[in-house]
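User: I have a model open and would like to talk through how its inside and its surface are put together. Could you walk me through it?
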Amino acid sequence: MSFEPKIVAFLCNWCSYAGADLAGVSRAKCAPNVMSIRLMCSGGLEPAFVLKAFKEGADGVLVCGCNLGDCHYIDGNYKTLMRMTLLKKLTRQLGIEEPRIRLQWVCASCAEDFVSAVNKITEDVRALGPYRQNKVEVGSGSAIS
Amino acid sequence: MSSLKGKPDEDIKIGVYVCHCGHNIASTVNVEEVAQHAKGLENVSVARDYLYMCSSKGQNLIRQDIMQLGINRVVVAACSPRLYEQTFQNVLRESGLNPYLLQIANIREQCAWCHEHGPLATEKANRLVSGAIKRVIHHSSIEEQTVPIFPATLVIGGGIAGIQAALEIANSQQIVYLVEREPSIGGHMAQFDKTFPTLDCSACILTPKMNEVARSPYIRLMTYSEVVDVSGYVGNFTVKVRRKARYIDEDKCVGCGICIEKCPWSTDSEFDADLGLRKAVYTPFPQAIPNIPVIDRERCVYFLKGKCKACEKFCEAQAVNFQQEDLYIDLQVGAIIVATGYDVFDPTPISQYGYGNLPNVFTSLEFERLCSPSGPTAGQLKLADGREPKSLAVVHCVGSRDQNFNAYCSRVCCMHSLKYSHLFKEKTGGEVYQIYIDMRCAGKAYEEFYERVQGEHVNFIRGKLASITPDMSDSVDEEKLVLTCEDTLLGNIINVTVDMVVLGVALKPRSDSEKVAQILRLGRSRDGFFMERHPKLDPVATMSEGIFIVGCCQGPKDIPDTVAQASAAAARALAMVVRGKMDTGAITASIDENICSACKVCSALCPYGAIFFDETSNVSRVNRILCKGCNVCGAACPSGAISTRNFSETQILAEIEGVLV
Ligand SMILES: Cc1cc2nc3c(=O)[nH]c(=O)nc-3n(C[C@H](O)[C@H](O)[C@H](O)COP(=O)(O)OP(=O)(O)OC[C@H]3O[C@@H](n4cnc5c(N)ncnc54)[C@H](O)[C@@H]3O)c2cc1C
Ligand code: SF4
Ligand code: SF4
Ligand code: FES
């Protein structure tokens, strides 16, 4: 059987989740490999969530927030932006290839941005193949048990 | 409240309800299979699929299971939680379960509707449902918070915005404190002669409202007063007001005005834009509310030199009291409406326009006073030498739409400039030139007003004014002004010679708006005006819960928009005050004080200032009323001490596990 990537997406409640809903409402088809998890704000994404996803067998992680300047909590997504930059440094060291983690701003009416982000990360990860977590031991910290 | 972390001790019994949504879900996802899959999962007591879960029959299935099977956690696999989460929360509430013991798996919008029919869609639905099941195990009851609202509202600023807001609230028989800095309410509108586009006399529409304020038993008017400190938060603010000494006893004064008549000392009248005079004891204008004079300490000769007291001698009511001192009083209020208005731009820095040097160059506000029958010239237009002007140029956008001063459009200047054409023609029959960049007349009946003025033989010159200089040519013996501007329609430089110039100056944030913002913890946008919560969807609320902004302190606007905004804010304040309490979100952060290491990372990040540091116990704490539940703090806490209700780390990690099994 061909490889079907498993990808976890973290979506903020106000724009990204609404944008992803809109993709469905407009019947825009996207790859069925991405499972969304709703957060209130992308700025509430704990780095542990991303590491946990890889530890539990995810092949990729998509993080979505409102467009910069549109965060429902003023500037939460600027914090996301900084946090993701740091996190990517860490994950690179852990041997998680760059394309497996993707940050995408999705506004509430930007269904297409969501669909293309889903399709893009699915294709990228499919090309990379499954993420084998035994490559590196991640998640030894207490927060990601 | 049960703990947010870890599994509660109780026996967990989950009911899972998979919706067909007619064919909407069932035609893509095999819903029976999803229910079957759920049945096999840990802690699941019952799993059902049903045609329409949101129908009353569907809701009853959940109710019955809660009552009869003792279900204590509910997962609904259906449409987006953005649509029906509240409906299903109510089902739990009505069945005696805490509404937060629910989790929705979105298998419609984010599964059935965006994928093709087949095993992959069903597999994804299974994963989403597993995630919800794993997550809901860690859900616990959340007390929904309400804060009591103290039944009084403070309005700061008594221009048309503050007057309107105060009256709306008072008309609902609720207490309002109206604090105005000047000796009288009225604001800028009291200074105008006529108002566009209808050309109603400004005083005729404003004075009745001012009198209504004075009469209302629900309005506690404090003029010549300022808010100096605000503490507390929504529902219960404590406000310190400085009531400046008036040196006239408000209870004794009968408003006869004899003191003003007898005072031998005069000074420039601020109300008349310094074009006229007032006494050292004065009311700013005849219709002032309250009609109680103020002795201006800075100008009163008794205060300056220790001798005079003419007013005291003549006041039969014995209301003059030179011993009066500033009073500080504390008010308790539940909501605050800020209506501090605007300042006008001082065009002196644009030296090429000659304002301040050329006596016949006026600002728009000065022109308003010259037109006013109660103004310094009793409404007659006069030049510095006393002649009546025969020609006028009105210059638009002075200090507005200009990168050197204010980038924004002041919104009312095109309209008041057109108003001046009409007033000038009416009063003198003379020639009028409008020098404009773009004509912006967006508003009900505004374009029609523009057309009306066009029909009154006004010369419109589209262009930017370069300079105003005195006319030096020998042929004239009267003083004239030459305006040099680039006509952008004709593409050449033209000179216009007139007797009088009015500069349509920008509306600016109040010079003390930074201080006011600090006292009230308000944000300011780049232009310096107070910042609204949302530019489109919530233009009257602010990021500080319970504090609203109305009128020109939020941005330049005309009187109709100001009044509409003031009524809107009053409705918002009333909604809080009348109900006596306000729901604050249930989804809020909490800090485990046993884990907090006192680093204060969280409080620095919180966009709402909801985290304060408790010095005595040396831990950070969340104010649940201010917190909005973004979890920005939780994501940053290096000790893992913070957990956001219903979005806790444990819950999210469990969901991650679930979707990946
Ligand atoms: C020259 C000119 C002509 C205009 N003509 C028209 C017109 O014809 N038609 C029209 O629709 N609009 C017109 N406008 C716009 C109009 O002035 C405003 O829409 C309106 O006045 C806004 O009311 P406001 O209550 O927000 O502000 P303001 O009128 O500025 O009132 C604010 C009040 O708050 C008080 N205050 C300020 N700071 C404090 C403080 N810290 N504590 C306590 N009190 C404080 C002030 O003393 C003042 O009384 C004109 C504007 C200008 C500049
Ligand atoms: S970030 Fe965490 S440890 Fe630091 S003060 Fe806040 S709650 Fe305490
Ligand atoms: S969850 Fe957001 S709003 Fe609440 S305390 Fe934390 S940072 Fe502030
Ligand atoms: S709410 Fe969407 S990023 Fe903050």
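Analyst: Gladly, keeping in mind that this is a predicted model. Its largest nonpolar core has 94 residues, and those with the most contacts inside that core are F10(A), V16(B), V74(B) and I107(B).

User: Which helix gives the largest share of this core?

Analyst: That is helix α4 (residues 119-136) of chain B, which supplies 7 residues. Looking at domains, the core draws at least three residues from each of domain 1 (14-142) and domain 4 (589-645) of chain B.

User: What is I107(B) in contact with, leaving aside its neighbours within four places in sequence?

Analyst: With those neighbours left out, I107(B) is in contact with V18(B), C19(B), I25(B), A77(B), A78(B), A112(B), A125(B), L128(B) and V129(B). There is also a second, separate core, which has 73 residues and includes I169(B), F196(B), M415(B) and F548(B).

User: OK, and how is chain B divided into domains?

Analyst: Chain B is split into domain 1 (14-142), domain 2 (152-341 + 513-579), domain 3 (343-508) and domain 4 (589-645). Taken over C-alpha atoms, the centres of domain 1 and domain 3 of chain B are separated by 68 Å.

User: Switching to the surface, which residues form a nonpolar patch there?

Analyst: L68(A), Y78(A) and L81(A) form one, and together they have about 240 Å² of accessible area. Of these, Y78(A) lies in helix α3 (residues 76-93) of chain A.

User: Why does Y78(A) count as partly exposed?

Analyst: Y78(A) counts as partly exposed because its relative accessibility is 40%, and that class covers values between the 20% limit for buried and the 50% limit for exposed.

Conventions: Residues numbered from 1 in each chain as written. Chains lettered and ligands numbered in written order. Predicted model: local features only at pLDDT ≥ 70, side-chain atom pairs only at ≥ 80, totals over all residues. Heavy atoms only, no water. Patch = residues over 30% accessible without salt bridge, like charges linked within 9 Å, V, L, I, M, F, W, Y side chains within 5 Å. Areas by Shrake-Rupley, 256 points an atom, 1.4 Å probe, with all protein chains shown as cover. Salt bridge = Lys/Arg side-chain N within 4 Å of Asp/Glu carboxyl O. Helix = DSSP H or I, 4+ residues; strand = E, 2+ residues; numbered from the N terminus. Buried < 20%, exposed > 50% of the residue type's maximum accessible area, 1.4 Å probe, protein only. Core = buried A, V, L, I, M, F, W, Y, C linked by side-chain atoms within 4.5 Å. Domains from an automatic or database assignment. Contact = heavy atoms within 4.5 Å.
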